[in-house]
Protein chains: 2
Amino acid sequence: MAARAEAVTRRLDELLPPADGPRGRVVEAMRYSALSGGKRLRPFLVMESARLFGVDRDNALTCAAAVEMIHCYSLIHDDLPAMDDSDLRRGRATVHTAFDEATAILAGDGLLTEAFAVVADPRCHGDPAVRAELAAGLAAAAGAAGMVGGQMIDMAPERAAFDLEGITRLQRLKTGALITFSCEAGAILGRAPADRRAALRAYADDLGLAFQIVDDLLDCESTPEELGKPTGQDQALGKATFPGLLGAETARARARELIERACGRLAIFAEKPEILEQTARFVLERRF
Amino acid sequence: MAARAEAVTRRLDELLPPADGPRGRVVEAMRYSALSGGKRLRPFLVMESARLFGVDRDNALTCAAAVEMIHCYSLIHDDLPAMDDSDLRRGRATVHTAFDEATAILAGDGLLTEAFAVVADPRCHGDPAVRAELAAGLAAAAGAAGMVGGQMIDMAPERAAFDLEGITRLQRLKTGALITFSCEAGAILGRAPADRRAALRAYADDLGLAFQIVDDLLDCESTPEELGKPTGQDQALGKATFPGLLGAETARARARELIERACGRLAIFAEKPEILEQTARFVLERRF
């Protein structure tokens, strides 16, 4: 996974424009965010899903980088003072802290836009039908019916008092949609049969929910140094979380069930996608 | 033009999701911005360019709505307190004033994303190669090498002291790129020959620069009531403008020359594109 993460960082470095000229500042901020490390879970899912269908590695890596651009844009905008007002991300100053608010808004806009430039470019895939489908899928995951809608719900005054159903629905939009698209992107790149694509979607849906439950657990149990971002924020704001509603032990058991079910979804593949199974277990056991 | 503007508003209304459910607030803000009127110059250019190549009117209208979504997103984000901090747009409260800052950031993100969903959808064009090319062109016009880069330059401390070359380069990114893409989109939809497409680009480049010069003139010569937005802001901030550098009379003469040259670019078409000529004259003579 670390080797893959490095390959993603290199591809992001190649795809992003150089930070020179009078507009250099916004590109510098885009690069600061996108080249800052992180687990690179979403790109990893794109690449491993694509590998199941024999997709060219170079195409998969380019698409994976586009998905990471969308993830980075969402982190920049979610961290803004008007949103979660966070000053730490991936172990360093958030973009609006390291630069300024205007630059952070524009850097997010730039990364969001660039992701579509990347998937629509022939270097991502030779077949324009694949490129158009990737753009459509990425937009659906990122837009008002996905991440944008999820962040809006997360900011709502009624958010604090959400029940289990409420926070599950919120998670499906805010983090689940892009995780699911990451797996689906591999299937789109590989022109996978509908049943394989549906299996990957179901795997990713379960994985995404487990990911969020573990995120909530880490948020209560870890230090900012371990996570590279502020902790205990939801609790401080009185926001409902999975461990808050279920208790830590039940929440962890629920995540474990989801991961087992996710792995079960992969039974349709003749050859066992072992790395996707291991990824699911990593999501459960990760400490960051 | 007014009839076309209404058709664009209706199409935007059809394409945007309904503002209900827990994420309703962000969709409401997207609709507030996109359905608020305006000249709809960019969609008009998409439709008139497309008409030259016999493009289906319904396809052109859908693509035109996507271009307007990009324009509206840029207005929302440019108006934010961290950017130009404007409270009036198209004669009413800006999105962050009518809603709040977080909702305005998300509504901009949502419209930007939705534009790509629209051009990547088969309802925009039956040929996936056309859809992928539209997405790529839209991203190039909107991203760091276009609008995002232009807004960054407009915020730079050295912006105030720009010379004519500096503000011309700024304009080409900030407003010119999307105006040029609007005309190019018609050519892409119509799979136009390269020389016709280049002619439309050249027409739009001249038109876009003239548009900005007239914008600067109106900014000094009009009232907020006439323009539906604050006036005299560049002057108040000591920012270089075309009339500021050239004098109002020379600036107007320069805009007139550009409009003549823009119309001359259309000579390549066997049948004179009269409406595009009239549009160019409208850009020169408009009072809002």
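Arg25(B), Val26(B), Val27(B), Ala29(B), Met30(B), Tyr32(B), Ser33(B) and Ala34(B) are the buried residues of α2(B). A residue is buried if 20 or more other C-beta atoms, placed from the backbone, lie within 10 Å of its own; helices are DSSP runs of H or I with at least four residues, numbered from the N terminus. The model is predicted: local features need pLDDT of at least 70, side-chain atom pairs count only at pLDDT 80 or more, and totals for chains, interfaces and linings use all residues. Residues are numbered from 1 along each chain as its sequence is written, while chains are lettered from A and ligands numbered from 1 in the order in which they are written.

Because 8 of its 11 residues are buried, α2(B) is largely enclosed by the rest of the structure. Its buried residues pack against α1, α4, α5 and α6 of chain B, and against α8 of chain A.

The contact between the chains takes 43 residues from chain B and 43 residues from chain A, with two residues in contact if their C-beta atoms, placed from the backbone, lie within 7 Å. These elements of chain B give two or more residues to the side that touches chain A:

| Element of chain B | Residue range |
|---|---|
| α2 | 24-34 |
| α6 | 101-120 |
| α7 | 128-142 |
| α8 | 147-155 |

The largest share, 12 residues, comes from α6(B).

Chain B can be laid on chain A with an RMSD of 0.0 Å by a turn of 180° and a shift of 0.0 Å along the axis, superposed by least squares on the C-alpha atoms of residues with pLDDT of at least 70 in both. That is the relation of a two-fold axis.

Terms used. Buried ≥ 20, exposed ≤ 12 C-beta atoms within 10 Å, placed from the backbone.
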